[in-house]
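Please have the sequence and the 3D view open together. The text below is meant to be read with both.

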Amino acid sequence: MASATTFSPMLQFFFIIFCCLGYFSLAFTSQDYANALEKSILFFEGQRSGKLPSNQRLTWRGDSGLSDGSSYHVNLVGGYYDAGDNVKFGLPMAFTTTLLAWSVIEFGSSMQNQIENAKAAIRWSTDYLLKAATATPDTLYVQVGDPNLDHQCWERPEDMDTPRNVYKVTMQNPGSDVAAETAAALAAASIVFKESDSSYSTKLLHTAMKVFDFADRYRGSYSNSLNSAVCPFYCSYSGYQDELLWGASWIHRASQNGSYLAYIQSNGHTMGSDDDDYSFSWDDKRPGTKILLSKEFLEKTTGEFQLYKSHSDNYICSLIPGTSSFQAQYTPGGLFYKASESNLQYVTSTTFLLLTYAKYLGSNGGVTKCGGSTVTAESLIAQAKKQVDYILGDNPAKMSYMVGFGNRYPQHVHHRGSSVPSIHAHPDRISCNDGFQYFHSSSPNPNILVGAILGGPDNRDNFADDRNNYQQSEPATYINAPFVGALAFFSAKN
């Protein structure tokens, strides 16, 4: 007869501690991150506008916006809806594209079987941006849809009958911010496709150069040119100087053309290179530009770029608790906190910069100087991992803020297509006002927007799973884009 196994009091104590740690903290495996990576890319299929391809995987979506641009005699079919509405906003779409491309550039080697899906997500946008940039000389089409009227309706994109107004920037009504961001997107994407489709890559880069020249030559903010069509939705609060330097930096990296290096050297001081800035978003590119250009100093010790390395250190140090220049805000549960509306956009973009800078430092034996202390690449990775894990469910609420990932995730997503029955389940048209019955419904969304990362919890880690609370429950393409790179990184780590 087998004797009963007994444990010493000390072993029992450690067993209890181990169980408690397991209860309070989720440990994600590389397979978990790979699963989240796949879903984070799949989300972009739910945001597609235009004629859907035969290999569309989110099958509850259908074709939409098939006549976009036609009343203006241009073809503006395609691209992405930015968030939970049916407007195609050019500034956040271009920024999304730049960050998706940057994710592939830095961490594509870790994406394994998802690399083609990631490239398809980029191409869905760049195909549209190419049309927007080349349809009419000295013109960039930057938006389709009247946001003020669109927001008065709650209808799926397949039924959309709100005005599909087209907005553009020109020599007379400039938009250097949106144009330079479009140039950055096309240039970054040209690097992604350089080996797999060289002719497409060349087209992207040449168009990027033309659009950048247009942005630089005819200076002005698109907010001033388009007013209520873009404000307050995607007003360019930071101005356009940051986008000009960002766009030049991406074309420099993609082309290695000396004229862009000269542009950066000549204009950097007037375009934000001397500023310390602590927010990286669709509006403000300064921290991202500094991290991007610091690579030049770390790899080639290019003296002109030492300034960008120093300011990158200042930005990174502001995020690391315990350093002399720490100033970031974190929730009690450990989430980076920047704003009450769509806070996770700042979490994902910041996390991506932490990992990218860690990669640049690690590849070149560099460290971050924070006053008298030194912060290693490993410390940056650890800080990034806390943010990624929090989003995926390792948080006080034990809630995954990625739809479709984990056992518990938000059910009432602020998203028209996801919350209204699909055209397959309900073929009859659901009109502008009739859709609001689904908006106000307490039932979960009928169509799961797999992979969508929502706005996220407040500064006390509280989250309202409420469709009406768009600040917390609305997804956006630019929340997901940098997270793709972060998930790829962790999916490759044992």
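This is a predicted model: local features need pLDDT of at least 70, side-chain atom pairs count only at pLDDT 80 or more; totals for chains, interfaces and linings use all residues.

Residues are numbered from 1 along each chain as its sequence is written, and side-chain values use heavy atoms, with hydrogens and water left out.

An unreviewed UniProt entry lists residues 33–487 under "domain: Glycoside hydrolase family"; UniProt positions are given in the numbering used here, feature names are shortened, and annotations may be inferred rather than shown by experiment. Over residues 33–487 the chain is 46% helix and 5% strand, where helices (H or I, at least four residues) and strands (E, at least two) are DSSP runs, numbered from the N terminus.

Where is D465 found? D465 sits in the loop between α16 (436–439) and α17 (470–473). D465 counts as partly exposed because its relative accessibility is 26%; buried means under 20% relative accessible area, exposed over 50%, and partly exposed in between (1.4 Å probe, protein chains only). Leaving aside neighbours within four places in sequence, D465 is in contact (heavy atoms within 4.5 Å) with P410, Q411 and H412. The D465 side chain also reaches the backbone nitrogen of Q411 at 2.9 Å.

E474 lies in the loop between α17 and α18 (477–491). At 16% relative accessibility, E474 counts as buried. Not counting residues up to four places away in sequence, E474 touches A83, G84, D85, H414, I453, L454, G455 and I479.

Now to the aromatic residues. A search of the whole structure finds 29 aromatic pairs. Rings of Phe, Tyr and Trp (its six-membered ring) pair if their centres lie within 6.5 Å; planes under 30 degrees apart count as stacked, over 60 as edge-to-face and the rest as tilted. F28 and F405 form a tilted pair, 6.2 Å centre to centre with 50° between the planes. F28 is in the loop between α1 (9–24) and α2 (30–46) and F405 in the loop between α14 (377–392) and α15 (416–419), so the pair ties together parts 377 residues apart in sequence. F28 counts as buried at 15% relative accessibility, and F405 counts as buried at 4%.

W246 and F280 form an edge-to-face pair, 5.7 Å centre to centre with 70° between the planes. This pair links helix α9 (residues 241–255), which holds W246, to F280 in the loop between α10 (258–267) and α11 (286–300), 34 residues apart. W246 is buried, with a relative accessible area of 0%, and F280 counts as buried at 1% relative accessibility.

One aromatic cluster includes F28, F405, W246 and F280, and F107 is also among its members. K359 lies over the face of F107, at 5.8 Å from the ring centre. A charge sits over a ring if NZ of Lys or CZ of Arg is within 6 Å of the ring centre and within 35 degrees of the ring normal. R123 lies over the face of Y200, at 3.7 Å from the ring centre.

Terms used: A polar contact is a pair of N or O atoms within 3.5 Å; within protein, one must be able to donate a hydrogen and the other to accept it, and residues adjacent in sequence count only if both atoms are side-chain atoms.
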